[in-house]
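Morning, everyone. Please have the model open on your screens. I will go through it piece by piece.

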Amino acid sequence: MFGKKEKAQKPEGFIKRLRSRINRGNSWLSYDLANLVPGGEIDEDVLEELESLLVMADVGVDTTELIIDDLRKSLRRNELKDLDALRAGLERSLLNILTPVEKPLVIDKTDGPFVILMVGVNGAGKTTTIGKLARRIKDSGHSVMLAAGDTFRAAAVEQLQTWGQRNDVPVIAQQSGADPAAVVFDAWQAAKARNIDVLLADTAGRLQSQAGLMDELAKIQRVLGRHDEKAPQEVMLVLDSSQGQNALVQAEKFHERLGLTGITVTKLDGSAKGGILLAVANRLKLPVRFIGIGEAVDDMQIFRAEEFVSALLASGGKDQ
Ligand SMILES: Nc1nc2c(ncn2[C@@H]2O[C@H](COP(=O)(O)OP(=O)(O)O)[C@@H](O)[C@H]2O)c(=O)[nH]1
Ligand SMILES: [Mg+2]
């Protein structure tokens, strides 16, 4: 999607930041891995300890079992002779889960605005991700418009407008309390009239009830779909990785009701250990589009399985 410009942004810098931020404090996986195997020998006890480490890192029970079963088979085949072999086995297993969900967003602007509807709970990072995405999409040569579909809080509209000004992209908004579906549709019409390539629609994350929120989001989809059957082309769930297993539950609920087409995982720079990505990838098998590692506009990158796994397994100092 972001062709040449993407390369110009020097992803190596991002990988470095990802490694240091995801491992803030200690490089949990490598550090702990080495600690698990003081004598260098891998046995069933080591795998059991690794199992609890993965569960504590938000990987979730069933996904952890999948990984450990894989390693157990290798152990039985006598393939896990030392720490390096364990690390390599783990890397393979993580890649088996994450590579299939490495599916970057492709923007097709052939007919009508390409609509990206952002959904997710309050505070997940929807509005911030829209700001980061707007810059990215603009830099790649597409025109962008924002729709202030979070009409629940007045501050939400202002926050989106600030991102709009910062990136010099138009924002379509109405007063707070307005019908979000009407705001998004209004923006869609404006985008169509002005030949805008991409419309990024913000939404609320909290209403009086979860059911109310889902109904509201479904209505936005329905209203858009009535005018362009392909819209919204992307229903992107924004997930806060520091929410742990709760994020997995959220993802399932949103997917069940709305039919998600992609996920962006934020706040991998915080206390999160990143395991939630494995849990979500394994359970939902939905494309992971971007990962966020901070609040700044360039603290977001296309999700790449190998980069991510190498960041998880980076040993303190080495590789960095
Ligand atoms: N550290 C960190 N903070 C983030 C990231 N993404 C968003 N935030 C912050 O999380 C808070 C909530 O984000 P916001 O976009 O308003 O969430 P929304 O309610 O889903 O729209 C804000 O303070 C953001 O700056 C991230 O990747 N890392
Ligand atoms: Mg918001």
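Strand 7 covers residues 288-292, and five of its five residues are buried, so the strand is largely enclosed by the rest of the structure. Buried means that 20 or more other C-beta atoms lie within 10 Å of a residue's own; exposed means 12 or fewer, partly exposed is in between, and the C-beta atoms are placed from the backbone. Strands here are DSSP runs of E with at least two residues, helices are runs of H or I with at least four, and both are numbered from the N terminus.

A word on the source. This is a predicted model: local features need pLDDT of at least 70, side-chain atom pairs count only at pLDDT 80 or more, and totals for chains, interfaces and linings use all residues. Residues are numbered from 1 along each chain as its sequence is written, while chains are lettered from A and ligands numbered from 1 in the order in which they are written.

Back to strand 7. Take V288, which is found in this strand. How many other C-beta atoms lie within 10 Å of V288? There are 25, so V288 is buried. Not counting residues up to four places away in sequence, V288 touches V101, E102, I263, V265, L277, A281 and F303. Touching, or contact, means that two C-beta atoms, placed from the backbone, lie within 7 Å. Now look at I196. V288 and I196 are 92 residues apart in sequence, and their C-alpha atoms are 25 Å apart in space.

Next, the neighbour strand. Strand 6 and strand 7 run parallel, joined by three bridges. Two strands pair if DSSP finds at least two bridges between them. Here I263 stands opposite V288. On to strand 5, residues 234-240. It pairs with strand 6, residues 262-266, in the parallel sense over five bridges. The bridge partner of D240 in strand 6 is T266.

In what order do the eight strands run? The order is 3-2-4-1-5-6-7-8, in an open sheet with mixed pairing. Strand 3 (171-172) and strand 8 (300-302) stand at the edges, each with a single partner strand, so one side of each has no neighbour in the sheet.

Helices pack on this sheet. Helix 8, residues 154-167, touches strand 2 (144-149), strand 3 and strand 4 (198-203), and its direction makes about 170° with that of strand 2. Helix 9, residues 180-193, touches strand 1 (114-119), strand 2, strand 3 and strand 4, at about 165° to strand 2. Those angles run from 0 to 180 degrees between N-to-C directions, with axes as lines fitted to C-alpha atoms, for helices over the stretch in contact.

Stay with strand 2. Six of its six residues are buried, so strand 2 is largely enclosed by the rest of the structure. In a regular strand the side chains alternate between the two faces of the sheet. In strand 2, V144, L146 and A148 are on one side, M145, A147 and G149 on the other, and all are buried. Strand 2 runs parallel to strand 4, with six bridges. It also runs parallel to strand 3, with two bridges. A147 stands opposite A201 in strand 4, and opposite I172 in strand 3.

L146 takes us to the core. The largest nonpolar core has 97 residues, and those with the most contacts inside it are L146, A187, L199, L200 and A201. Such a core is a set of buried Ala, Val, Leu, Ile, Met, Phe, Trp, Tyr and Cys residues joined through C-beta atoms within 7 Å. Leaving aside neighbours within four places in sequence, L146 contacts I130, A134, L160, G164, V169, V171, L200 and D202.

Now the loops. N195 lies between helix 9 and strand 4. Its phi is near 55°, positive in a residue other than glycine. Is N195 buried or exposed? N195 is exposed, with 10 other C-beta atoms within 10 Å. P232 is in the loop between helix 10 (210-227) and strand 5. The peptide bond from A231 to P232 is cis, with omega near -5°.

Last, ligand 1. It is surrounded by 19 residues, and the closest are G125, K126, T127, T128 and G292. Near means a C-beta atom, placed from the backbone, within 6 Å. Helix 7, residues 126-139, gives the largest share of this shell, three residues.
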